[in-house]
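Subject: Structure handover

Hello,

Here is the structure you were expecting. My notes follow below it.

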Amino acid sequence: MAEKFNRATFTKNFLKNITRIKNPDEMLEEAKSQGLEKTLGVIDLIILGVGAIIGSGIFAVVGIAAAGAPDGSTIGAGPALVVSMIIAAIACVFSALCYSEFATMIPVAGGAYTYTFATLGEFAAWMVGWVLMLEYAIGFIAVACAWSNHFMQFLQGFSHILPAWLSNPPLWLTNDVFTVSKMVSDNPGIHVPTLFGIPVCINIPAIAIVLLITAILVKGTKDSAKMAGLMVFIKLAVIALFIIAGAFYITPDNWTPFAPNGVEGIFAGAFLIFFAYIGFDALATAAEECKNPQKDLPIGIIGSLIITTIVYVLVALVLTGLMDTSGSVPLEFLKAPMAYCMTLVHQNWAAGLISLGSLAGLTSVLLVLEMAATRILFAMSRDHFISKRFQKIHPKFKTPVLLTWTVGILAVIGILTLNLNVAAELCNYGTFTSFIIVCVAVLILRHTDPNRKRPFKVPFSPVTPALGIICCAGLMIYKSMQASSSALLFPVWLGIGAIIYLLYGFIRNRDNENKIHKQIVHGKEIK
């Protein structure tokens, strides 16, 4: 006998509703009946993983991690940056193993959002999905603007060939409004058009790359993986060039003292370098599109981490061998450390190729971030948190076309309106939160559903998930103790997400349950 139909309300069975979990078998059945096309193999996954991880971190953050920030807010690890990278990689491995267990057990779109729904319930799943939008959607916007900066630097290298309007266009056509506002305040002589006293800024390169990446994703995940493969090949070739060419100019004296700022410098470097590893978790969001997720996903996730760690360590050895990072360093080194080191040893041709490699690296990151954002929203649409129209699959390309273009258009709006420095910091909090939740979810499902088939099991559980929680929570606390507006804005973001759930997501889910209930009752009456 069906339960009595009740109008959606916040007061009746409220706690029961917000903690309602979704059975993994139900998730698998939904994915089977209305899922995405399975096109990704293990090589595709490794390419996507390396493409997501090796990006702006290795081309920019590595300099600050080695020598410290110019304002003194962060101390550097010096040549001990190699140790910092290994520590950061180990911290990531704990979470990566937890992602691998879930991705093989519940190979459907959504990543951490889906795993939370299976263990902690409806409200927690919505909040994780909301937090993941910080990591992927807003991160996508921030990286697009970083791509714009590198692209303009690349064009400026051809200023003797290209016309001035292309190699050195007006600032308001290549920057966001907050960056331009600061430039105008520092230099009132800069001319920028205004509307109601507010600078009008249109970051054309960033908007163009967003629209291009969106169009590529609409054509299909396989084509996207091919493009990511090309970008990964280019940037790995460029990094290999730096390692091989730079090895001939290493000065061993630059490696002493090995740790100029001691243990504190090593861990400060690990904190920064941790963000250069972010991206492997995006592979879990594409689980539904894997041909053999039970076997390929753990290899893709762990394999991409191993490859990037080897690359990072080799870069760190050459970088600190070319540049003395125990004292003050030029600002150019902090902005583009590998390219600067090549100019330092008079290999300008290599510096130009490294700039090209940085563009390829950022392009592959953009592709994976937007793909991850759309797959999470696709899963949330399937669970009635957002409109079911977003579940529409393109008849030819088998991709969520409306959802992909929606994310692309929202990214364009974000490029025009967001303070990207604050947004980038908020992304880090979103990443830490999702890693912690996945580690917790593994422990919960081991207890509530111990007999479920697990093609891949986290070794040494519960120790491994617990270490993942400790590492991520510790880094979050470390960041929160520093003076930063993002530490205050993250709780605000969570509060906004909770309000949206209560006023929209909760009611929408109850209405959907009511419709199902009516159909059941109506069917019995017909009988």
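**Helix lengths**

Helix 12 has 13 residues, which at 1.5 Å a residue should span 18 Å; its end C-alpha atoms sit 19 Å apart, so the two agree. The expected span is 1.5 Å times one less than the number of residues. Helices here are DSSP runs of H or I with at least four residues, strands are runs of E with at least two, and both are numbered from the N terminus. Several residues of helix 12 are buried, among them Gly265, Ile266, Phe271 and Phe274. Buried means under 20% relative accessible area, exposed means over 50%, and partly exposed is in between (1.4 Å probe, protein chains only).

Before you go on: this is a predicted model, where local features need pLDDT of at least 70, side-chain atom pairs count only at pLDDT 80 or more, and totals for chains, interfaces and linings use all residues. Residues are numbered from 1 along each chain as its sequence is written, and side-chain values use heavy atoms, with hydrogens and water left out.

Helix 5 covers residues 81–105. Its 25 residues should span 36 Å at 1.5 Å a residue, and the end C-alpha atoms are 36 Å apart, so this agrees too. Helix 5 has a kink of about 25°, centred on valine 93. The bend at a residue is the angle between axes fitted to the seven residues ending there and the seven starting there. How many residues of helix 5 are buried? The count is 20 of 25, so to speak mostly covered.

**Overall picture**

The protein has 21 helices and 2 strands. Of its 527 residues, 54% count as buried. Contact means heavy atoms within 4.5 Å. Among contacts with a separation of 6 or more, 82% are between residues 24 or more positions apart.

Glycine 110 gives an example. It lies in the loop between helix 5 and helix 6 (112–117). Glycine 110 is buried, at 0% relative accessibility. Its C-alpha atom is 7.4 Å from that of leucine 377, which is 267 residues away along the chain. Leaving aside neighbours within four places in sequence, glycine 110 contacts Leu132, Thr285, Arg375, Ile376 and Ala379.

**Surface**

The protein exposes about 22,800 Å², with 68% supplied by carbon and sulfur atoms. Areas come from the Shrake-Rupley method with a 1.4 Å probe; for residues, only the protein chains shown count as cover. Leu211, Trp405, Ile409, Leu410 and Ile413 make a nonpolar surface patch of about 430 Å². Such a patch joins nonpolar side chains (Val, Leu, Ile, Met, Phe, Trp, Tyr) within 5 Å, from residues with over 30% relative accessible area and no salt bridge. A salt bridge is a side-chain nitrogen of Lys or Arg within 4 Å of a carboxyl oxygen of Asp or Glu. Helix 18 (residues 401–417) gives the most to the patch, with 4 residues. Isoleucine 409 is in helix 18 and is partly exposed at 43%.

**Backbone points to check**

Most residues other than glycine have a negative phi, and most peptide bonds are trans. Which bonds and residues depart from this?

- Threonine 256 to proline 257 is cis, with omega near -5°. Proline 257 lies in the loop between helix 11 (221–247) and helix 12 (262–274).
- Serine 461 to proline 462 is cis, with omega about 10°.
- Histidine 346 has a positive phi of about 60° and is exposed at 69%.
- Histidine 384 has a positive phi near 70° and is partly exposed at 24%.

Best wishes

Methods: Patches are made of residues with over 30% relative accessible area and no salt bridge: like charges are joined within 9 Å, nonpolar side chains (Val, Leu, Ile, Met, Phe, Trp, Tyr) within 5 Å.
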